[in-house]
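Here are a few friendly notes to read with the structure open beside you. Take them one at a time, and find each residue as you go.

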Amino acid sequence: MKKNVFYKVKESIVFLQENDKCKIWEHKSGWEVILNEHMLDIISIFTIPVNRELAFEKMKKNHNIDENKAIEILDYLIGEGIIEPYHPQTNTVDNKNGIFNTPLLSIKECLSGDWCDVAFIGMPYDLNVTYQPGTRFAPSYLRKVSRAVYNYDSTSLEGYFDPIDRTQKLENIRLADCGDIKAIVFSKNGSHFDALKDTIYKLSSKNIFPVTLGGDHSIAYPCIAGVSKDKKIKVIQFDAHSDFGLMKMNNWREDLHHGNFMDKVLELENVEEVIQVGIRQITSKNYENNKVKIYPDISILDILEEFIDTLDSDISYYITLDVDVLNPLIMNATGTPVSGGFDYKELLLIIEKIVRKVKVIGLDVVELLPGKSEVEGIIISNIILKIITMEMEKK
Ligand SMILES: [Mn+2]
């Protein structure tokens, strides 16, 4: 039996109630069946995507149906074309697919049932930059160029073959792209920040791994607030800049930007620690905070094993990845580049050691400023793919 198959009532099925009778009607072919209430209750189990185990469990609990009978009912419902395997399809007609060719679904669909493992959310917001704008184009840029890295197949769920490890990866892992948190015009740090926070919280509480595609770095604040709403976490920030304001923020809705949002993150009660890796921008004065550990420039590479030993296996970590942590020689596509920094393999090595040691519960990738080149997008797509692959291997 194929692992991880989810079933759902066919899209073309309509439930009708006529003169005390319950009917289901298939509006494409036109047939209808009158059902007793008992059967209707059983079918309603499948209004959200459920796998066999969960369906059987519900039939047993609510209707006292044993497993043999449950198998019979499931086969009947499939045979009659009432339910079908749930494979959210990628839209190949107008090529409007998500990152890695994932299906573009609503957040509601992603939250329905428990079939989704990883959800991508675009946050095309760059009102908070202090220098060059344009990171608002990164989610659509990543959706386009990431297909050169990996093409997700929602039907076979076969994942991909990694020629370096010589193994099949991401098998039976379900991905979806929820599209962008949208606005024609964003208001500064307004309701869309709240929507992002709420979305991340909902996904995270359903055990779905959220990957937010920024946007400027300020969008990490609602992401971290969402993911830490009801649990303690630690944050690992890859960045050339510390993103501390060193100034008092009176009203964050007005004052928060991509260079000071960390001040607000540190105020979040459930954020126990922020580990900053790659910091190399010079500032007018030193900044110290007992919640923050800083590993400047590429110094972490010299003490990598000791660093990994300091990580806490009893708490979940959230990763916020500012692409300017990479050396501008390979990461030209960013608004505020700083000389120095990691190359691709160095950054991957650090991330790999982190993800192998601790549970990571979410990721955002920010400050990617697309230019004409696709290379930077491909580099970032690879990093995103590696992170979700390593985290999903733990499932
Ligand atoms: Mn940053």
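1. Let's begin with a charge and a ring. K229 sits over the face of Y201, at 4.1 Å from the ring centre. Please keep in mind throughout that this is a predicted model.

2. Next, the aromatic rings. How many aromatic pairs does a search of the whole structure find? The search gives ten aromatic pairs. A pair of aromatic rings is described by the distance of the centres and the angle of the planes. For F100 and Y150 the centres are 6.0 Å apart and the planes stand at 45°, so this pair is tilted. F100 belongs to the loop between β6 (83–85) and α4 (107–111), while Y150 belongs to the loop between α5 (138–145) and β8 (160–162), so the pair ties together parts that are 50 residues apart in sequence. Both F100 and Y150 are buried.

3. Now compare that with Y221 and W252, an edge-to-face aromatic pair with 5.2 Å from centre to centre and 75° between the planes. This pair also links distant parts of the chain: Y221 is in helix α7 (residues 220–227) and W252 is in helix α8 (residues 252–255), 31 residues apart. Is Y221 buried or exposed? Its relative accessibility is 10%, and buried means under 20%, so Y221 counts as buried. Y221 and W252 are also part of one aromatic cluster, together with Y125, F186 and F193.

4. Strand β12 (residues 233–238) deserves a careful look, as six of its six residues are buried. On one side you will find I233, V235 and Q237, and on the other K234, I236 and F238; all of them are buried, and both faces of the strand are covered.

5. Which strands pair with β12? One is β13 (residues 271–279), in the parallel sense over six bridges. Another is β15 (residues 316–322), also parallel and over six bridges.

6. Finally, step back to the domains. The domain assignment gives domain 1 (6–85) and domain 2 (99–392), and their centres, taken over C-alpha atoms, are separated by 40 Å. Four residues from domain 1 and five residues from domain 2 take part in the contact. About 420 Å² is buried between the two domains, with carbon and sulfur atoms giving 62% of that area. On the domain 1 side, F6, I48 and P49 lose the most area to domain 2, together 86% of what that side buries.

Definitions and conventions. Residues are numbered from 1 along each chain as its sequence is written. This is a predicted model: local features need pLDDT of at least 70, side-chain atom pairs count only at pLDDT 80 or more; totals for chains, interfaces and linings use all residues. Side-chain values use heavy atoms; hydrogens and water are left out. Rings of Phe, Tyr and Trp (its six-membered ring) pair if their centres lie within 6.5 Å; planes under 30 degrees apart count as stacked, over 60 as edge-to-face and the rest as tilted. Helices (H or I, at least four residues) and strands (E, at least two) are DSSP runs, numbered from the N terminus. Buried means under 20% relative accessible area, exposed over 50%, partly exposed in between (1.4 Å probe, protein chains only). A charge sits over a ring if NZ of Lys or CZ of Arg is within 6 Å of the ring centre and within 35 degrees of the ring normal. Two strands pair if DSSP finds at least two bridges between them. Domain bounds come from an automatic or database domain assignment. Contact means heavy atoms within 4.5 Å. Buried area is the accessible area (1.4 Å probe) that two parts lose on being put together, summed over both.
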